[in-house]
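Please examine the model shown below.

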Amino acid sequence: MSEAVKLKPTPRSFAATQYAAGFVTEIEQETLPPGLNEDVIRRISAMKGEPEWLLDWRLEAYRHWRTKREPRWSMVRYPPIDYQAISYYSTPRRKGDGPKSLDEVDPKLLETYEKLGIPLREQEMLAGVAVDAVFDSVSVATTFKEKLKEAGVIFCSISEAVRDHPDLVRQYLGSVVPITDNFYAALNSAVFTDGSFVYVPKGVRCPMELSTYFRINASNTGQFERTLIIADDDAYVSYLEGCTAPSRDENQLHAAVVELIALNHARIKYSTVQNWYPGDENGVGGIYNFVTKRGDCRGVGAKISWTQVETGSAITWKYPSCILRGDDSVGEFYSVALTKNYQQADTGTKMVHLGRNTHSTIVSKGISAGHGCQSYRGLVRMAKSAENARNHSQCDSLLIGDRCSAHTFPYVEIKNPTATMEHEASTSKIGEDQLFYCRQRGIPEEDAVNLIVNGFCKDVFNELPMEFAVEANRLLAVSLEGAVG
Amino acid sequence: MLKIENLHVAADGKEILSGIDLEIPLGEVHAIMGPNGSGKSTLANVIAGREDYTVVEGSVRWRGDDLLAMTAEERAWAGVFLAFQYPIEIPGVNNVYLLKAGLNAKRRAQGLTELDAMDFMALVREQASRIGLEEDFLARGVNEGFSGGEKKRNEIFQMTVLEPSLAILDETDSGLDIDALRVVAEGVNRLRDPERSIVMVTHYQRLLDHIVPDVVHVLIDGRIRMSGDKTLAHELEERGYDWVKAEVGGA
């Protein structure tokens, strides 16, 4: 019985108050002046001491980006973005080569993490979660590296990976999301400053859950992190990603790219709790979250699972996807997205079946409150080669109040007659009847709303690692404060 | 005691209750009978605090508290329980979790310590077995996929755990077969107590064979037209509600 399980308090929580992460850290920043051109890219690359091939790759991406236009097909509306007004590099200033251990990290930074509820020092002792914390553009501390090293797992910032494991990076970078993929992916490829890199060697089960916390701190900077995760044959890794950003009146751009590669019988589980600043109750400020996440089941019997809980950002544009290339490979997408106030989200997934006997599952739960506008957009494509492919999609929307909206755009392309595809969708309102039932049993109205919403999300929360599930619960509760009545 | 005076209630601009006067002392079981559309369920829901209705006039007091000034949850904390005619499904919300949240909110409001999971589960298991509910039933979603009879049994189960001082049963007998009716009636009878009032809203006299009321009221067109002892229910069964109308004169 789930009730009898006592959950230990999680070491980090986003959910203490309305937007607890909305403070700014006063710390000296090294920031490039706003603007983007080839010189800026050369400077970024030079500051990071990158090899020639990577600079060329960036420049090619930049040139491609200049020929592209922002996508306008999604159900989100925002004023034009001036890409020349953004600073593309920001790093905490520090002595020498960067911290070798936590002791060398600026205490103010550590304080920031404490406020966010990520006590790195405690993390070292606590239940096996290694944290690669990215503060603005540069990774400042990586814990547990040693223990991972014993297992042969590489977990470091992508900058370090470029330096220490250039062959791996060069082999896989851009192999899932090419620089020509889309406007934001091209921009990210040109200017990405940091992010995480994971390589799990053949037959290794990563001994702990890996976790990265990204944080946008400096004003007027975009964050363009790049994450690359490779699970070699028969390897397994579970990766957790949490995001917060301070409250500011202006909008900030976040255009990340995440690439996952699963080889033969490898499994990758990627979980996200995204709580970027959503803007205030009038829709002022907030993060524009334009993210490209894609996994490639490159080997036979590979499996990639995306689980996301999206409560933040003024605008979310994000479709974590799976390319099911290997025969018998499996793709999963479990999503909870909440939009309230004036938040807009256009999110979903793409499942591209290429191999035989490939299976995919999509469970999407959208909650819309206030003036929130939310769309599920999903593509299931089964190629001619995808003999006996199967998909099951379930998209449910829950509306709170009568000024919000929910939309569903399922795209289906099936080119093989043996394929099976099921799609279920529902839209419901939190009923007065449900609320009254709970309140009659003595449960206060706000708790009742949380109870009903959490019930609605249960299928997705069950997919999260337990700590994250607890956090997701609390995050939803905080996000829903004042959503009713 | 429950004291209702001159209660007028409207919904969508139409008057449904037109001056109810009713007193139910502690320790008594009263039945409210009446034809369809007479306002029985409205009365039950207004006492429990449903907001779809407008109270135009009158008062509802429970042990001195002005119920109409309280929210639905405050009324629950004051001991009011409504066994719903149509218990609603809440998908994904664990049946027992809902009950625990309700019970502990009530205990907090009463200044009692909350029950921990162990004590709560012991209580729940005991009450569930008394009402003939299987363990797996407890772990299911609230009323999710329950049969009509299971939903009604779940209401009585919740009632026995929450131990209300004022229990209102809205058409609890509808949809129950004879065996289930007996189990439910036993559950209610166990709750009869000098410190508890029970109101049974029902259409038929059938339930009253199992839960024998102290007083029977007849509600027609939004008013209590007649009150009497348990024999009134039998008389109604034989002669129908038109007989009451003829006795007291048309509205």
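A:Val200 belongs to strand 6 (residues 196-200) of chain A; helices (H or I, at least four residues) and strands (E, at least two) are DSSP runs, numbered from the N terminus. Because its relative accessibility is 0%, A:Val200 counts as buried, a term that means under 20% relative accessible area, with exposed over 50% and partly exposed in between (1.4 Å probe, protein chains only). Apart from neighbours within four places in sequence, A:Val200 is in contact with A:Val153, A:Cys206, A:Ile230, A:Ala231, A:Asp232, A:Ala235, A:Tyr236 and A:Val237, where contact means heavy atoms within 4.5 Å. From A:Val200 to A:Ala469 the separation is 269 residues in sequence and 25 Å in space, C-alpha to C-alpha.

The model is predicted: local features need pLDDT of at least 70 and side-chain atom pairs count only at pLDDT 80 or more, whereas totals for chains, interfaces and linings use all residues. Residues are numbered from 1 along each chain as its sequence is written, chains are lettered from A and ligands numbered from 1 in the order in which they are written, and side-chain values use heavy atoms, with hydrogens and water left out.

Chain A also contains strand 15 (residues 315-318), from which A:Ile315 and A:Trp317 point one way and A:Thr316 and A:Lys318 the other way, all of them buried. Strand 15 of chain A runs parallel to strand 13 (residues 286-297) of chain A, and four bridges join the two; strands pair if DSSP finds at least two bridges between them. Within this pairing, A:Thr316 is the bridge partner of A:Asn289. Four bridges also join strand 15 of chain A to strand 18 (residues 344-353) of chain A, again in parallel, and here A:Lys318 stands opposite A:Thr347.

In chain B, an open sheet of six strands has the order 6-9-10-3-11-12, with mixed pairing. Its edge strands, each pairing on one side only, are strand 6 (80-83) and strand 12 (223-228) of chain B. From one strand to the next the twist averages 20°; angles run from 0 to 180 degrees between N-to-C directions, and axes are lines fitted to C-alpha atoms, for helices over the stretch in contact. Strand 3 (residues 29-33) and strand 11 (residues 215-220) of chain B run parallel and are joined by four bridges, with B:Met33 opposite B:Val218. Helix 6 of chain B packs on the sheet, where it touches strand 6 and strand 9 of chain B, and its direction makes about 165° with that of strand 6 of chain B.

What describes two packed helices? The angle between their axes and the distance between the axes do so. For helix 3 (residues 95-109) and helix 6 of chain B, the angle is about 30° and the axes are 10 Å apart. This contact has six nonpolar, four polar and one charged residues, the classes being nonpolar for Ala, Val, Leu, Ile, Met, Phe, Trp, Tyr, Cys and Pro, charged for Asp, Glu, Lys and Arg, and polar for the others, Gly among them.

The axes of helix 4 (residues 117-130) and helix 6 (residues 148-162) of chain B come within 10 Å and cross at roughly 135°. Helix 4 of chain B is therefore oblique to helix 6 of chain B; angles under 35 degrees count as roughly parallel, over 145 as roughly antiparallel, 65 to 115 as roughly perpendicular and the rest as oblique. B:Phe120, B:Leu123, B:Val124, B:Gln127 and B:Ala128 of helix 4 of chain B make the contact with B:Phe157, B:Thr160 and B:Val161 of helix 6 of chain B.
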